[in-house]
Amino acid sequence: MPIVSRLTWTLSAIFMVTALGSGNASAQSPYPGKPIRLIVPFSPGGGTDIVGRVMAQGVSKVFKQTVVVDNRGGAGGVIGMELEVRATPDGYTLGMITASVGTNAAAKRLSFDPQKAMVPISMIAETGYLITLHPSVPIKTTQELIDYARAHPGKLNYGSSGTGGTAHLTGELFDLMAGVKTTHIPYKSSGPALTDLLAGQIQMIYGSLPVVMPHMKSGRLKVVAITTAKRNRALPDVPAIAETVPGYESVTWYGLVAPRGTPRSVALRWEQALTQALQTREMKGRLDADGLDLPEVGPAHLGQVMRRDITKWTKVLKAANIQIGK
């Protein structure tokens, strides 16, 4: 074959390969190209589930792609979180986390280091817990709660989403700072605990605002105080525990993470989509109605909060002499 012909054939072949490669690249759908799985590490009906579904709906509209909520409750959020960190890091499985990641890490109940196994994307919302009682319990204020617990040590019981979870240690912190003794009743999630409280099977829970507020407004449950340092704008008549027990504070929050190895470009897309969704009138209105505050958005703040909580709850476990283990 003449040299010119061979050169012409070679250039033609290179052009065809390049064109095919470009065609394949352009045919690939931009992220996200298919439905996304969002693991919520608690059962349906709890605060995390409510916030997760609101967030999923908002981000779905931004992405124009379905975000499917997958509830995997149990062990105070541990089961769901372990599924999150073991998922394929391709951007199509993400997970909700809450302040319980700090309590579970402090209690050494996790098989992974959350600060290494998770790619933080952003906080979604934060708020406090409400000390919520069955109407039959003769308590109306934080001081009356303290007096009752001192007069009946160990007789006042409270349910939570599981041993070592935030609601559990919120109660332990109250006992420590108020000088009382109450009894913790663990459940697989906050939903069953709420059901038993409504039925009068337990006396109290430290409940999230989205879960408790409808029942408080209907009169089926009564609220004594909130665990944040100050009162919540959605419930201005509900005192903070700190007004009676100075320095008391327990904050619950909701965040979004991806498994380690998830491309930075995907994490950035989620951060941008979440920021956009949080600014919509629909999502802001829903979070405001549930008494949820919008914290600083972005991975740096979420990572900082995780470190803060692990340190705080480690101290509480030690002071309360609680040995949980996995």
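**Briefing: cores, strands and helices of a predicted model**

Gly219, which follows helix H9, has a positive phi, near 85°. The structure described here is a predicted model. Its mean pLDDT is 89, and 90% of the residues reach 70 or more.

**Confidence**
- Over residues 3–27, pLDDT stays under 50, and the model has 1 contact beyond four places in sequence for this stretch.
- Where pLDDT is low, predicted coordinates should not be read in detail.

**Nonpolar cores**
- The largest nonpolar core has 32 residues, of which Leu38, Met55, Leu94, Ile124, Leu256 and Trp270 touch the most other members.
- At least two residues of this core come from each of strands E1 (36–40), E2 (67–71), E3 (93–98), E4 (118–133) and E9 (251–259), and likewise from each of helices H2 (47–63), H10 (264–278) and H11 (281–289).
- Helix H10 gives the largest share of this core, with 7 residues.
- A second, separate core holds 29 residues, including Ile131, Tyr206, Val245 and Tyr248.
- In soluble globular proteins, nonpolar side chains tend to be buried together.

**Strand E9**
- In strand E9, 9 of the 9 residues are buried.
- The buried residues lie on both faces: Val251, Trp253, Gly255, Val257 and Pro259 are on one side, while Thr252, Tyr254, Leu256 and Ala258 are on the other.
- Side chains in a regular strand alternate between the two faces of the sheet.
- E9 pairs with E3 in the antiparallel sense over 4 bridges, and Gly95 stands opposite Val257.
- E9 also runs antiparallel to E4, to which 9 bridges join it; here Pro120 stands opposite Val257.
- Leaving out residues up to four places away in sequence, Leu256 touches a set of residues that includes Leu38, Met55, Leu94, Gly95, Pro120, Ile124, Trp270, Leu274 and Leu302.

**Helix H9**
- Helix H9 spans residues 209–218, and its buried residues are Leu209, Pro210, Val211, Val212, Met213 and His215.
- These buried residues pack against helices H2, H8 (190–198) and H11, and against strands E4, E7 (204–208) and E8 (222–226).

**Thr166 in helix H7**
- Thr166 belongs to helix H7, which covers residues 166–178.
- Thr166 counts as buried because its relative accessible area is 2%, against a cut-off of under 20%.
- Apart from neighbours within four places in sequence, Thr166 is in contact with Ala99, Ser100, Thr103, Tyr129, Ser250 and Trp313.

Conventions: Residues numbered from 1 in each chain as written. Predicted model: local features only at pLDDT ≥ 70, side-chain atom pairs only at ≥ 80, totals over all residues. Heavy atoms only, no water. Core = buried A, V, L, I, M, F, W, Y, C linked by side-chain atoms within 4.5 Å. Buried < 20%, exposed > 50% of the residue type's maximum accessible area, 1.4 Å probe, protein only. Contact = heavy atoms within 4.5 Å. pLDDT = per-residue confidence, 0-100. Pairing = 2+ DSSP bridges.
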